[in-house]
Amino acid sequence: MSFVRVSRAAIRVGGSCYMRTRLRPLVAAQTWTQQLSRTKSSASDYDTTLFIPVPIKTVNNADDINVGFELTGEPLEKSEVLKALNRFYKRKEIQTLGAENGLDNHLFHQGFLSFRKWIVESDVLPPEVHIMLSDILRGSGHVDDIFPYFMQHCKQIFPMLDCMDDLRKISDSRDPASWYPEARAIHRKIVFHAGPTNSGKTYHALDRLSQAKSGIYCGPLKLLANEVHQKTNERGVPCDLVTGEERMYAREDGQPSGHVSCTVEMTNIHQPYEVAVVDEIQMIRDPQRGWAWTRALLGLCAEEIHLCGEPAAIDLVTELMLSTGEEVEVRRYKRLTGLTYLKEPLGSLNNLRPGDAIVCFSKADIFQLSRQIEAMGKECAVIYGSLPPGTKLAQAKKFNDPEDPCKILVATDAIGMGINLSIKRVIFNSLIKPTLNEKGEKEMDNLSTSQALQIGGRAGRFGTHFQDGEVTTMHKEDLQTLHDIIKHPVEPIEAAGLHPTAEQVEMFAYQLPDASMSNLIDIFINLAQVDSRYFVCNIEDFKFLADMIQHIPLNLRARYVFCCAPINKKQPFLCTSFLKFARQFSRGEPITFDWVCRLIGWPVAMPRTIRELMYLESIHDVLDVYLWLSYRFMDMFPDGGLIRMIQRELDLLIQESVYRITRLIRQSESHTSSGTSVSEDEIPRRRPKGRMSGLPKFDEMVEEVKVSPAKHGATSVPKTWQSDSESEEVGSKHRLSDKLVQEGVITQSMLDKLRKEWERQSGTQVKGHFSDSDGHANNKTRKKRGRKNKY
């Protein structure tokens, strides 16, 4: 069959023969449409700008035999070819054919640019293309004859055109319940415990969990999972702990127990249980994490599933369970203690009283308020989201302790769930909270009714000395807004979150092997058909990591796991460390403890400013990511035990820094006022000789890991570490110099030099203070003292 005379011969494209008639272009267009479009999807119902063309290499090897030239006997004039291609591009009939074969205006234009570049830049074209172009230039062919070869080229650069129906089937998310056949094989009892904060709903669900032979608790936070883990074991029911970064087994032999407490993302949907508890079910609407609650609700293999959360989720859960044929039993609870929304604002920090918690929505406000409060002679605890869990618990314990002088709490909305606090009065410093919209963009808006009730409901707690709670605002202008917010009914939750699974991404990659991970996700979301009861969660963080490591050679499954890592993309050091993890992994070189220590500069020094404290927090997050990866690639991240030990030491260091936060704020302000700033490279990477009191020696920690019989992933409980006050020697409690040495502010050698220098200036033996013979420093001494005190 000859491809030269398209007007008199059949052109085979996609396995079917089509006749082209040069004299009747409109009839020809209809013929192409009827036959080529039978298996095509319209390009009008998806975003084709996401289709990134696959590069096609041009043939520029002069040694190749030009069969087309030998058959036609003449070379192609590239300038004339270019004119013919442009005439082809402008023909309306050709554009119509392209649209009916899946090429909208964007794809048609991008395809033509690629096709033209390939034709013009190639020294040697396939024989049939050379002959077809030669016929057009000689006048025996028509520019319409280019279309089959143009379409063939478009399918090469846009491979999704040939598999659009398969891609649609893979991304079809209209029935997520069918993704979990094991759960559909059993009939589950669904119990919804609905009520406000401090109503006892979770208590009743956990009581049923403890009575079961086997069970699982799925919570929104590591702190909550850890609390349930501890309390269940205290009741004599062996319970394991599973989070993204940690595994703790209740049994000494390291074997799994019948009960497990986990973060919701770590829910095992393949293990059968008698009872499952899913806490804070209203987070099924969360734009980033809602998919995890949907997965737990639809996929848990449990005879009984107890859901705890806001009444706003009842209707949605009931509707979702209709698709599985399961009924929902609703148990409603009322608040156990009183809660009053005051009619007067706080007005001034002078009106603070024990049990007050000021809620802010920025670190800057927290630091400013904490300094003002301590300047008034009052101690305050500080809690915000990026603090390590151990530091949050330590601050909460300090605030809750009736014997501790710390009676004020300054915190973000991180206290809304996960931490038990004895709060008498919640004070909103502001009602404006930054949120992420559906596109992942940051917006500033008033608190929602649900958020205000969740945070305000932390005031007053059953069984504590502050049973009845109060809620107000810091500023008078916010008070009426708060009352308006809480009067507004909580809007019912209308949709549950979804997320593409690893299996779906793998099937997409099989169809589109040249597409990047980020592009695969974009196409998946664009093609996904979602029922009105669901939405696709925002996965900008996933795509951010995918783009970051796209250039690193990783297999698809490993790439997907790395992209799911818990990374805050706003932390440069964390992102850089993550990138180095991926590079080391791709080379097949294990990421060892020594390697990580060099990366983070361990051991680190006691922070001197807020910026240095935040840097230590980012180091803690780097260690978290290592531990997260160590449970997914145990052979490549082999030193999880050692990393966990230094992370605990770092946690204690951060705790001590938060206790001294006022001094850090003051020093940070002095850096700012002097016009100096601290970059990450300038932060000290080595701890001073004076160790922070209460920290165990690292050799002892290593030895503890070595002798521990627990398997990788089963963390043993470390020895109790003494607090600062317990570990100090009695004789050093009242000496400022020894205290400064112990806290790492100065070293012993620096202190000795200071003593010698002041001895020379004063002529007096320096024992505990420095002065001249008449008790007053002379001018010269005062100048030197001033220079030293600057340090």
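Reply: Let's start with Glu612 and Arg608, whose side chains meet in a salt bridge, with N and O 3.0 Å apart. The term means that a side-chain nitrogen of Lys or Arg sits within 4 Å of a carboxyl oxygen of Asp or Glu. The idea behind it is simple: side chains of opposite charge can pair when their charged atoms come close.

Before going on, a word on what you're looking at: this is a predicted model, where local features need pLDDT of at least 70 and side-chain atom pairs count only at pLDDT 80 or more, while totals for chains, interfaces and linings use all residues. Residues are numbered from 1 along each chain as its sequence is written, and side-chain values use heavy atoms, leaving out hydrogens and water.

Back to our pair. Glu612 counts as buried because its relative accessibility is 1%, whereas Arg608, at 43%, counts as partly exposed. (Buried means under 20% relative accessible area, exposed means over 50%, and partly exposed is in between, using a 1.4 Å probe and protein chains only.)

Now try Glu245 and Lys222, another salt bridge, with the closest N and O atoms 3.5 Å apart. Glu245 sits in the loop between strand E6 (239-242) and strand E7 (247-248), and Lys222 is in helix H11 (residues 222-234), so this pair ties together parts that are 23 residues apart in sequence.

What about a pair linking two strands? Look at Glu329 and Lys189, whose closest N and O atoms are 4.0 Å apart in their salt bridge. Glu329 belongs to strand E11 (residues 328-332) and Lys189 to strand E4 (residues 189-194), so the two tie together parts that are 140 residues apart in sequence. Glu329 is partly exposed, at 33% relative accessible area, and Lys189 is partly exposed too, at 39%.

Salt bridges can also join up: Arg91, Glu93 and Asp144 are linked in a network of them.

How values were computed
Helix = DSSP H or I, 4+ residues; strand = E, 2+ residues; numbered from the N terminus.
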